[in-house]
Amino acid sequence: MDDVIAACQAALSRKGQVVVLTGAGVSAESGIPTFRGKEGYWTIGAREYHPQELATWEAFERMPWDVWAWYLYRRGVCRAAQPNAAHDAIALLDRKLEGRFALITQNVDGLHRRAGSPIARTFPIHGDIDYMRCANDCVLDRWPIPEAIPALARGEAAGEAHRALLRCPRCGGMARPHVLWFDESYDEPRFFLDTARRIASASALLVVIGTSAQTNLPWQVVTLAARAGATIVDINIEPNPFGEIAETSGGAIRGTAATNLPRLVDAIIHT
Ligand code: NAD
């Protein structure tokens, strides 16, 4: 940890942005399962689905209400969870560094928002599970999922009255969760593609936390930051490709986010 703190302090003395990139591991200690563990699986009928099969446009087109049931269950889990010490530490870092800080998150759970990370400097590149948008893309807008729609239990389906609320307020067509699915592409208006690239290219320090490096834009963020000469640090309970990159840069911390990040942030803000 001391080597990583020293590397972060050296990076801070240079010009450039301080960027945090988070994945599902940051919310694991809040009780929200990552996609990698067995809790991620979901049963429909006689079949067990992996999230990578269900979080797809292809699955939504084939069985929209089953996919909605999975999202409304997960939305309930996210709403019942509380931000942990890692979310709090990131919000504190934002307050201390303001103009030179940005948070890029793959998480859809809203916990960064609830911990106090401001919308202006938080970029959810995979969407937000509390929001829906037109399934036919009649407009780019997204809307909060109506409060009248309850959290569903595992295996429970949305009733007719609730299905009637899951419609696009503009065209009346079916609404879909505002998340980026595995068979879809990033863009700027909905998923901050250009913004994330620009921030990464201007970074002096990039702290990557709790991601398994399976998705495309996070790879671009890490690659662009490395190309810009940023110091890269990784916090994860397991070895992962970003950890390997970090080992040749600012260092990799093998441990949980909620345990390690507050200590790192405390050292950074007292530089
Ligand atoms: P992932 O599930 O692929 O990987 C999670 C990573 O976190 C793993 O590398 C794991 O070793 C690490 N990890 C687990 N517990 C940790 C802890 N306590 N501290 C530090 N690291 C820990 O998640 P991903 O890489 O974010 O990507 C999968 C996709 O799933 C993303 O698109 C994301 O939008 C979505 N997702 C989001 C949530 C959420 O919003 N909380 C939850 C599950 C999946």
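How many of the residues of strand S10 (residues 231-236) are buried? In this predicted model, strand S10 is mostly covered, with 6 of its 6 residues buried. The residues of S10 divide by direction: Thr-231, Val-233 and Ile-235 point one way, and Ile-232, Asp-234 and Asn-236 point the other way. Members of both sets are buried.

Strand S10 has a parallel partner in strand S9 (residues 203-209), and the pairing runs over 5 bridges. Within this pairing, Ile-209 has Ile-235 of S10 as its bridge partner.

A polar side-chain atom of Glu-29 is found 2.9 Å from a nitrogen atom of the ligand. For Ser-212, a polar side-chain atom lies 2.5 Å from an oxygen atom of the ligand. A polar backbone atom of Gly-210 is 3.1 Å from an oxygen atom of the ligand. On its own the ligand has 850 Å² of accessible area, and the protein covers 94% of this area.

Across the whole structure, a search finds 15 salt bridges. One of them joins the side chains of Asp-130 and Arg-75, with an N to O distance of 3.3 Å. This pair links distant parts of the chain, since Asp-130 belongs to strand S6 (residues 127-134) and Arg-75 to helix H5 (residues 64-80), 55 residues apart. Asp-130 has a relative accessible area of 14% and is therefore buried, the limit for that class being under 20%. Arg-75 is likewise buried, with a relative accessible area of 2%.

Another salt bridge is formed by the side chains of Arg-176 and Glu-184, at 2.7 Å from N to O. Arg-176 is buried, at a relative accessible area of 2%, whereas Glu-184 counts as partly exposed at 23% relative accessibility.

A further salt bridge, between the side chains of Asp-194 and Arg-197, has an N to O distance of 3.7 Å. Both residues lie in helix H10 (residues 193-201), where they are 3 residues apart, about one turn of the helix. Asp-194 is partly exposed, with a relative accessible area of 41%. Arg-197 is also partly exposed, with a value of 31%. Elsewhere, salt bridges with shared partners join Arg-75, Arg-79, Asp-130 and Glu-147 into one network.

Terms used. Residues are numbered from 1 along each chain as its sequence is written. This is a predicted model: local features need pLDDT of at least 70, side-chain atom pairs count only at pLDDT 80 or more; totals for chains, interfaces and linings use all residues. Side-chain values use heavy atoms; hydrogens and water are left out. Buried means under 20% relative accessible area, exposed over 50%, partly exposed in between (1.4 Å probe, protein chains only). Helices (H or I, at least four residues) and strands (E, at least two) are DSSP runs, numbered from the N terminus. Two strands pair if DSSP finds at least two bridges between them. A polar contact is a pair of N or O atoms within 3.5 Å; within protein, one must be able to donate a hydrogen and the other to accept it, and residues adjacent in sequence count only if both atoms are side-chain atoms. Accessible areas come from the Shrake-Rupley method with a 1.4 Å probe; for residues, only the protein chains shown count as cover. A salt bridge is a side-chain nitrogen of Lys or Arg within 4 Å of a carboxyl oxygen of Asp or Glu.
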